[in-house]
Amino acid sequence: MYGSHSGPMTRAATGIGAALLLAGCSSSDGDGGGGKDGPAAVDQQPERGDPYWVNPDGNAARQVAAYVRDGDEANAALIRRIAEQPVGEWIGPDDPRGATQDFTEAAENADRDALLVLYNIPHRDCGQFSRGGAADGDAYRTWLESVAQGIGDRRATVILEPDALLHLVDGCTPREFHEERYDLLRGAVQRLKQQPNATVYVDAGNAGWQTPDALDEPLRRAGIAEADGFAVNVSNFRTTEDSTDFGKRLSAKVGGKPFVIDTSRNGNGPYEGGDPAETWCNPPGRALGEPPTTDTGDELVDAYLWVKRPGESDGDCKGGPKAGDWYPEYALDLARATK
């Protein structure tokens with residue numbers, strides 16, 4: 001459902017160079033729409049309210065560079081609304097230790113926190129647009145160990161396995177895989193929390209998908225007691241107000257745990273038209289939401305985050321490319337619609 005990211009970068013055989021570290025690392029699969037012009041110049045946000053790392057070589061930054069090269073200043077300005085904000089770096093199956101290390105080192109060099117999204121659970125997305133994941137439980141544990149080693153003692157906020165828990169609750173994932181998945185999620189929380197500066201939020205769906213009454217016991221089985229909290233609205237469009245209400249009701253059922261809200265594309269709320277089964281997939285008329293910040297004004301809401309990377313496709317629906325691919329037309333629509 002959520003749109004994958006098939007691997008943020010490939011490390012050179014000789015290791016990442018000092019110049020790339022200073023620039024902040026690359027994260028794009030291919031040229032990200034920016035050709036070979038290199039990334040656009042983007043700065044880190046002020047640390048006080050937004051401690052997360054802005055990747056200067058992400059898809060949006062490369063798209064800005066392409067527009068600037070072509071003299072299209074209007075569209076470059078629109079995409080800068082995305083490029084200048086920190087977004088989640090989705091860690092897939094390819095070189096998990098190297099990719100995670102590169103991101104966290106680049107963030108550390110900028111005196112910022114890395115925002116990582118782990119998305120490799122076996123039987124991921126029930127064979128839908130973002131299908132894939134580790135071959136089995138043992139492969140996942142090996143992959144997770146590599147991720148943890150890549151984080152090391154650097155600061156990282158981790159969103160753990162979008163949709164994995166909810167697909168147990170809604171019955172999409174076959175029952176024979178349920179016990180293993182709970183074990184993998186619980187084990188992932190425990191392993192990641194061994195890293196001294198890792199903050200872990202277990203994904204808990206969104207305000208339009210299941211209810212707090214249906215989620216509290218599954219969250220407990222998935223290790224919420226040892227996690228720092230949970231995440232809501234990842235890759236979805238529910239308003240911040242609705243997400244906050246949903247999160248608070250769920251928090252009350254799991255020991256008062258705090259939560260984070262994905263505000264990347266919720267500026268106009270959810271889409272109500274078209275096929276009800278695909279309202280989440282590249283819906284038209286959506287807008288960017290609140291910029292990432294830890295200054296939410298609510299003691300239970302740890303942060304507004306852009307977990308989903310605005311401008312990357314949800315899947316090959318409504319004319320979009322495959323899940324996780326850069327979709328420049330959609331990125332422009334999001335930016336234009338933003339108030």
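Which helices do the buried residues of H10 pack against? They pack against helix H2 (59-69) and helix H3 (73-83). This is a predicted model, where local features need pLDDT of at least 70 and side-chain atom pairs count only at pLDDT 80 or more, while totals for chains, interfaces and linings use all residues. Residues are numbered from 1 along each chain as its sequence is written, and side-chain values use heavy atoms, with hydrogens and water left out.

**The overall picture**

- The protein's secondary structure comes to 10 helices and seven strands; helices (H or I, at least four residues) and strands (E, at least two) are DSSP runs, numbered from the N terminus.
- Buried residues make up 58% of the 339 residues, where buried means under 20% relative accessible area, exposed means over 50% and partly exposed is in between (1.4 Å probe, protein chains only).
- Take the contacts (heavy atoms within 4.5 Å) between residues at least 6 apart in sequence: 76% of them join residues at least 24 apart.

**How confident is the prediction?**

- The average pLDDT, the predictor's confidence in each residue from 0 to 100, is 89 for the protein, and 87% of the residues score at least 70.

- Seven strands form an open sheet with parallel pairing, and the order is S1-S2-S3-S4-S5-S6-S7. Two strands pair if DSSP finds at least two bridges between them.
- Strand S1 (89-91) and strand S7 (301-305) are the edge strands, so called because each pairs on one side only.
- From one strand to the next, the twist averages 30°. Angles run from 0 to 180 degrees between N-to-C directions, and axes are lines fitted to C-alpha atoms, for helices over the stretch in contact.
- S1 and S2 run parallel and are joined by three bridges; Ile91 has Leu118 as its bridge partner in S2.
- Three bridges also join strand S4 (residues 198-203) to strand S5 (residues 229-232), another parallel pairing. Here Tyr201 has Gly229 as its bridge partner in S5.
- In a regular strand, side chains alternate between the two faces of the sheet. Both faces of S2 are covered, with Ala114, Leu116 and Leu118 buried on one side and Leu115 and Val117 buried on the other.

**Helices packing around**

- Helix H7 (residues 178-192) lies across S2, S3 and S4, and runs at about 175° to S3.
- In helix H10 (residues 328-337), the buried residues are Tyr330, Ala331, Leu332, Leu334 and Ala335.

**Nonpolar cores**

- A nonpolar core is a set of buried Ala, Val, Leu, Ile, Met, Phe, Trp, Tyr and Cys residues joined through side-chain atoms within 4.5 Å. The largest one has 46 residues, and those with the most contacts inside it include Leu118, Tyr140 and Phe230.
- H7 gives the most to this core, with six residues.
- Apart from that core lies another, of 22 residues, among them Ile82, Phe237, Ala331 and Leu334.
- Leaving aside neighbours within four places in sequence, Tyr140 touches several residues, including Pro122, Leu160 and Leu184.

**Aromatic pairs**

- The structure holds five aromatic pairs. Rings of Phe, Tyr and Trp (its six-membered ring) pair if their centres lie within 6.5 Å; planes under 30 degrees apart count as stacked, over 60 as edge-to-face and the rest as tilted.
- Phe230 and Phe259 are a stacked pair, 5.3 Å centre to centre with 15° between the planes. Phe230 lies in strand S5 and Phe259 in strand S6, so the pair ties together parts that are 29 residues apart in sequence. Both of these Phe residues are buried.
- Tyr327 and Tyr330 also stack, because their ring centres are 5.7 Å apart and their planes are at 20°. Tyr327 is buried at 13% relative accessible area, and Tyr330 is buried at 6%.

**A closer look at Ile261**

- Ile261 is found in strand S6, and it is buried, with a relative accessible area of 0%.
- The C-alpha atoms of Ile261 and Asp302 are separated by 8.3 Å, though the two residues are 41 apart along the chain.
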